[in-house]
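Good morning, and thank you for making time for this presentation. May I ask you to have the sequence and the structure open while I speak?

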Amino acid sequence: KAAPAAHASLAGRTVTISAGGTREALDPVRFLGNRSSGKQGAALAAAALAAGATVRFLAAHMDVDPPAGVELVRVESALELREAALKAAVDSDVVIMAAAVADFRPAEVSDTKIKKVDGEDAPVVRLIRNPDILHELVERRNAEGGQQLIVGFAAETGDAQGDVLEHATAKLKRKGCDLLVVNQVGIGRVFGQDDNSVVILSGHGAEPQSAAGTKADVAAAVIDRVGAELARVFP
Ligand code: CTP
Ligand code: CA
């Protein structure tokens, strides 16, 4: 494995990072959520700060505190994150979507707490699709011809349709982002863990790059690669 490259500077750059897991309301007290801890996103923000960037941190639900020194925006749902991301991205040099965005939200949100009623059937929750924020960011960047590097994250498992890298390569194409950071999810892996192992795929033809170690190690490698790719794609 090659030694990590010298830190590519992000001095003077603005980096927007989303992190944590969105929560999709069912009623005033209940939501559908996911197991994202926000640890990798927080580590990315710390690494971007260390590389000299101004960091806008869009935090969905997290188990850890965002690092000090970021411009913090708290969000709850995918729709709130979408609004915050589209706004923050306007004058960002880099956007990193590390948040676990719910693919679906309840079609109806009750204004009042849902009650159980004796003798009645349990309610059925109908879900509808959330917008794809990453895809929307890419579309807008492309339409405006902006010099903005857009980075996605993907947790993949291999299945009958293909292995992790095949799924990830297809996702990179589908999303149209510049970099896709891929980790392999399994029982007890990635979610809430302190260590991580990723492959960074480039939409611009560079070789896949592996990085492993603590989430801080992985974050440093990703931010380093972001700096390098930014310099290469938008010189
Ligand atoms: N993402 C997003 N908006 C969504 C869903 C995902 O911006 N509604 C972003 C995530 O933050 C991540 C990337 O897209 O950076 C990939 O997320 P992932 O869930 O792996 O992609 P999906 O297209 O939702 O594919 P899948 O059906 O495998 O979940
Ligand atoms: Ca998804």
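Predicted model: local features only at pLDDT ≥ 70, side-chain atom pairs only at ≥ 80, totals over all residues.

Residues are numbered from 1 along each chain as its sequence is written, and chains are lettered from A and ligands numbered from 1 in the order in which they are written.

The pLDDT is the predictor's confidence in each residue, from 0 to 100. For the protein chain its mean is 92, and 93% of the residues reach 70 or more. Residues 1–6, however, have a pLDDT below 50, and this stretch has four contacts in the model beyond near neighbours in sequence. Here two residues are in contact if their C-beta atoms, placed from the backbone, lie within 7 Å. For the complex, the predictor gives an ipTM of 0.99 and a pTM of 0.94.

I now turn to the ligand. Which residues are around ligand 1? They are A78, M97, A99, V101, D103, N130, D132, I133, L134, G152, F153 and A154. A residue is counted as near the ligand if its C-beta atom, placed from the backbone, lies within 6 Å of it. By class, this shell has eight nonpolar, two polar and two charged residues. In this scheme Ala, Val, Leu, Ile, Met, Phe, Trp, Tyr, Cys and Pro count as nonpolar, Asp, Glu, Lys and Arg as charged, and the others, Gly among them, as polar.

Helix α3 (133–144) and strand β9 (149–156) each supply at least two residues of the shell. The largest share, three residues, comes from β9. Helices (H or I, at least four residues) and strands (E, at least two) are DSSP runs, numbered from the N terminus.

Next, the record. An unreviewed UniProt entry lists D103, K113, P131, D132, I133, L134, F153, K171 and K175 under "binding site". These positions are spread over 73 residues of sequence and also in space, up to 38.0 Å between C-alpha atoms. UniProt positions are given in the numbering used here, feature names are shortened, and annotations may be inferred rather than shown by experiment.

Let us consider three of these positions in turn. A residue is buried if 20 or more other C-beta atoms lie within 10 Å of its own, exposed if 12 or fewer, and partly exposed in between, with C-beta atoms placed from the backbone.

Is L134 buried or exposed? L134 counts as buried because it has 26 C-beta neighbours inside 10 Å. It lies in helix α3, and, leaving aside neighbours within four places in sequence, L134 is in contact with M97, G152, K175 and C177.

K113 is found in the loop between β7 (104–106) and β8 (127–129). With 10 other C-beta atoms within 10 Å, K113 is exposed. Not counting residues up to four places away in sequence, K113 touches D27, P28 and V29.

D103 has its place in the loop between β6 and β7. It has 13 C-beta neighbours inside 10 Å and therefore counts as partly exposed. D103 and I133 are 30 residues apart in sequence, and their C-alpha atoms are 10 Å apart in space.

A102 is also placed in the loop between β6 (94–97) and β7. A102 is buried, with 23 other C-beta atoms within 10 Å. Residues up to four places away in sequence aside, A102 touches T22, E24, L32, N34, A78 and N130.

Another loop residue is G21, between β1 (14–19) and β2. G21 counts as buried, with 20 C-beta neighbours inside 10 Å. G21 and E76 are 55 residues apart in sequence, yet 8.4 Å apart from C-alpha to C-alpha.

Finally, the hairpins. Strands β2 (residues 24–27) and β3 (residues 30–32) pair in the antiparallel sense over three bridges; strands pair if DSSP finds at least two bridges between them. A25 has F31 as its bridge partner in β3, and two residues join the strands in a hairpin.

Strands β11 (residues 195–202) and β12 (residues 209–214) run antiparallel and are joined by six bridges. I200 has Q209 as its bridge partner in β12. Six residues lie between the strands of this hairpin, and G205 in the turn has a positive phi of about 85°.
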